[in-house]
Amino acid sequence: MDKTFNLYLIRHGETYLNRYKKMQGWADSPLTEEGKAIASETGRRLASVKFDRIYTSDSGRTVETAELILQENHYNHDLVINRRKAFRESFFGSFEGEYSEVAFQKVAQDQGYSSREKLFQKHNLEEVMNFIKESDPFHHAENYKEIWARIDNGLNEIINNSQSDNENILLVTHGVIIRNIISKFSNEFDKEMEIKNSSISVLKYSSNIFKVVSFNQ
């Protein structure tokens, strides 16, 4: 059977570490009050979508966002939230909790660039992720191969557990995860743009491939 479904990718709502502009990968922090409000607004935008399955990472900020979205939904108050490490944010190693500007300045300088902006102008997402691991003094940060391996496992679980045609699946996850998924399946969107908290990206799965329908809306 040719499985088809719609995958709604949502970035979690704004957290306190987001507000403070700090690196937040496996580190976690609660949603701000504004973050909660915007997550609820996203829920209202999706209120008429009947979701068949819901996935999040195992980080509290994605679970909290998913719960707020479900509270606004007309159909799905009793759906189980499937928490998966596969969809956890990239691990930034010893950069966790550091100011983002400081961390990326070090990564840029280690590669011979004067600024983060010049680094991103010259290198794609895969290369930058590898540079982060190189610049982490402990080399614990995830590189592209490591993070994509677990994202791929998570996507395969979603595909393999598809039981009916034209399912609507909600996945509340993180900025780097969404950016990697979009980059993998489309070249049509500006992957350098900031992925907004509680934004919606939609992919259609059909004929064994994902197609990006919309990004960062």
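A residue counts as buried when its relative accessible area is under 20%. Keep that cut-off in mind as you look at this predicted model, and start with strand β1, which spans residues 5-11. Seven of its seven residues are buried.

If you want a spot to look at, find N6, which stands opposite N168 in β4. Strand β5 is also joined to β1, this time antiparallel and through six bridges. Here L9 has S201 in β5 as its bridge partner.

## The whole sheet

Now zoom out. The sheet is an open one made of six strands, in the order β3-β2-β4-β1-β5-β6, with mixed pairing. Which strands stand at the edges? They are β3 (81-83) and β6, and each has a single partner strand, so one side of each is left without a neighbour in the sheet. On average, and ignoring direction, neighbouring strands are turned by 25° against each other.

In general, strands of a sheet pair through backbone hydrogen bonds, in either a parallel or an antiparallel way.

## A hairpin at one edge

Take a look at β5 (residues 200-206) and β6 (residues 209-214), which pair in the antiparallel sense over five bridges. Together they form a hairpin with two residues between them. One turn residue, S207, has a positive phi of about 50°.

You can trace the pairing residue by residue. Y205 has F210 in β6 as its bridge partner, and K204 stands opposite K211 in β6.

## Helices that cross

Helix α8 packs on the sheet, touching β1, β4, β5 and β6, and its direction makes about 140° with that of β1. Helix α8 (residues 175-185) also packs against helix α7 (residues 144-160), at an angle of about 80° and with the axes 11 Å apart. Angles of 65 to 115 degrees count as roughly perpendicular, and α7 and α8 are therefore roughly perpendicular to each other. On the α7 side, the contact uses Y144, I147, W148, R150, I151 and L155; on the α8 side, V176, I177, N180, I181, K184 and F185. These residues divide into nine nonpolar, one polar and two charged.

Helix α7 has another partner, α6: those two pack at an angle of about 115°, with their axes 8 Å apart. E126, M129, N130 and K133 in α6 meet Y144, E146 and I147 in α7. By class, that contact has three nonpolar, one polar and three charged residues.

## A helix with a buried side

Finally, have a look at helix α4 (residues 100-110), where S100, A103, F104, V107 and A108 are buried. Where do these residues lie around the axis? They cover an arc of only 130°, which puts them on the same side of α4. The spacing rule behind this sort of pattern is handy to know: an α-helix has 3.6 residues a turn, so residues three or four places apart point the same way.

What covers the buried residues of α4 includes α5 (116-122) and α6 (125-135). Just after α4 comes G112, with a positive phi of about 90°.

Note on methods
Residues are numbered from 1 along each chain as its sequence is written. This is a predicted model: local features need pLDDT of at least 70, side-chain atom pairs count only at pLDDT 80 or more; totals for chains, interfaces and linings use all residues. Side-chain values use heavy atoms; hydrogens and water are left out. Two strands pair if DSSP finds at least two bridges between them. Helices (H or I, at least four residues) and strands (E, at least two) are DSSP runs, numbered from the N terminus. Axes are lines fitted to C-alpha atoms, for helices over the stretch in contact, and angles run from 0 to 180 degrees between N-to-C directions. Angles under 35 degrees count as roughly parallel, over 145 as roughly antiparallel, 65 to 115 as roughly perpendicular and the rest as oblique. Contact means heavy atoms within 4.5 Å. Ala, Val, Leu, Ile, Met, Phe, Trp, Tyr, Cys and Pro count as nonpolar, Asp, Glu, Lys and Arg as charged, and the others, Gly among them, as polar. Buried means under 20% relative accessible area, exposed over 50%, partly exposed in between (1.4 Å probe, protein chains only). The arc is that of the directions from the helix axis to the C-beta atoms.
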